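Reader: I would like a close look at one part of this model, taken residue by residue and with the cut-offs spelled out.

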Amino acid sequence: MKIREVYTCPLELTHDMIRGKWKSIILWRLRLGCTSLSKLERDIEGITQKMLLQHLKELVELGFVEKKTYDGYPLKVEYSLTKPQGEKLLSALQIMQEIGVEYMLQHGMEEALQKKGCCAYPQKSK
């Protein structure tokens with residue numbers, strides 16, 4: 001990812017850094033802790049390995065994700081959020097997640113939340 005030289009504001013820069021369908025999903029998954037490429041690929045439904053590798057590379061270059069390679073055979077690589085930058089961005093994603101849950105609840109999408117088991121949410125009283 002190429003960072004432009006001119007932005008109208010810092011929010012525009014941050015938006016460009018995490019733009020795309022998968023970056024925020026990858027970062028959200030990494031909130032659970034250090035993990036391997038294959039585990040990320042299994043956990044993120046619909047992402048291709050090529051796209052996962054591309055986005056991880058960009059997130060590493062931007063300083064949000066740390067890539068740790070261990071010696072030995074087979075080669076072991078793990079990804080995790082960086083401190084403080086990756087974890088700080090996670091705070092923003094938490095707010096976005098809450099907004100998404102509220103929207104889904106307001107629009108009768110409780111079943112989708114339940115199927116994904118992606119988060120705890122308050123049950124509506126009938």
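Leaving aside its neighbours within four places in sequence, which residues is E78 in contact with?

Author: This is a predicted model, in which local features need pLDDT of at least 70 and side-chain atom pairs count only at pLDDT 80 or more, while totals for chains, interfaces and linings use all residues. Residues are numbered from 1 along each chain as its sequence is written, and side-chain values use heavy atoms, with hydrogens and water left out.

Beyond four places in sequence, E78 is in contact (heavy atoms within 4.5 Å) with C34, T35, E66, K67, K68 and Y70. E78 lies in strand β3, strands being DSSP runs of E with at least two residues and helices runs of H or I with at least four, both numbered from the N terminus. With a relative accessible area of 17%, E78 is buried, a term that means under 20%, whereas exposed means over 50% and partly exposed in between (1.4 Å probe, protein chains only). The side chains of E78 and Y70 are joined by a polar contact of 3.2 Å, that is, a pair of N or O atoms within 3.5 Å, of which, within protein, one must be able to donate a hydrogen and the other to accept it, and residues adjacent in sequence count only if both atoms are side-chain atoms.

C34, one of the residues that E78 touches, is partly exposed at 46%, and C9 is also partly exposed, at 33%. Zero disulfides (pairs of cysteine sulfur atoms within 2.5 Å) are found in the whole structure.
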